[in-house]
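Had a look at the model you sent over.

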Amino acid sequence: MKWLLVLGLTFFASMPTFNADLNSKNQIIQTCVIKTKISVSINPPTFWFDQSVEFHQYQNWKKSLLAPIKVKQPSKPEPKNTRVVAITIDDGPQKFFDQRALEILKQYHATATFFFIGQQAAYQTDSIKALAKAGFEIGNHSFTHANFASCSSAKDRSEICQTDRILTGAIGHKPLFFRPPYGAHNSRSDTVAESLGHKVIIWDIDPKDWRGKNGPPPEQTLNYISARLKPGVVILMHEKKNTLIMLPKLLEILKQKNYQTINLSDLKT
Ligand SMILES: [Zn+2]
């Protein structure tokens, strides 16, 4: 009998320490029963359980294991094709260039964003309407192609507002983007543009196709751009004869490299 008592005391002494605050033998027995249950009752899923875990903790775990999993949805679906670039074409409108560019872009199922100078846009609204109707985005490129790094706030505002009025009249809404000519801007001009509801946009690839009467040779511009292609880049181009000659070749390369062209607002918002 004595050795049986010693054996029993050894058994209870080997129980996990959390039992130390239990006052009666009955409580100890209940705890043992609970522990026995939790070690076998989780089905599904298969779950190897530490016997020293407290009962209330087990209940919480069981609750969370059985609860449906909530998956956080991304706020904006990702584009199906993530290899995208935005072609932007500055310094129009020029009727012949725009009509031909529209035909080429449509032929390749491509798009571009055109940044127009207000004083040229004023008498070429048909060209602007045709581009907008075809789904191409239109941006504000100031009224006189002014240098915004050396303007005043009043001049910045006047340049942007005059062009907004003309473009809004042609396409039915204010353009989202403003691109400062020469990429020349500062915090003052950016503040003015933003206060007028525009996003200021510059570029990632500048092949300097504005040089010379017709631009550099098409191969030069093409090689410059294609060597720098990366997903998400903004390509700067201008309404020059050699750029128009180069455009189908660039679209062919983009297609070969599995790039899709998208409008700026699809890339930057
Ligand atoms: Zn320009």
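Which residues are exposed on the other side of α4? Lys 95, Phe 96, Glu 103 and Gln 107 are. Keep in mind that this is a predicted model; the rest is in the points below.

1. Start with the buried side of α4. Phe 97, Asp 98, Ala 101 and Leu 105 are its buried residues. They sit on the same side of α4, because the arc they cover around the axis is only 90°. Their packing partners are β1 (84–92), α6 and α10 (241–256).

2. Just past the helix, His 109 has a positive phi of about 55°.

3. On to α7, residues 153–171. With 19 residues at 1.5 Å each, it should span 27 Å, and its end C-alpha atoms are 26 Å apart, which agrees.

4. The buried set in α7 is Asp 156, Glu 159, Ile 160, Thr 163, Ile 166, Leu 167 and Ala 170. Their arc around the axis is only 130°, so they lie on the same side of α7. The face turned away from that buried side carries Ser 153 and Ala 154, both exposed.

5. What covers the buried residues of α7? The cover includes the strands β2 (113–116), β3 (137–140) and β4 (177–178), along with the helices α5 (118–121), α6 (125–133) and α8 (187–195).

6. Last, the residue after α7: Gly 172 follows the helix, and its phi is positive, near 90°.

Definitions and conventions. Residues numbered from 1 in each chain as written. Predicted model: local features only at pLDDT ≥ 70, side-chain atom pairs only at ≥ 80, totals over all residues. Helix = DSSP H or I, 4+ residues; strand = E, 2+ residues; numbered from the N terminus. Expected span 1.5 Å × (residues − 1). Buried ≥ 20, exposed ≤ 12 C-beta atoms within 10 Å, placed from the backbone. Arc of directions from axis to C-beta. Contact = placed C-beta atoms within 7 Å.
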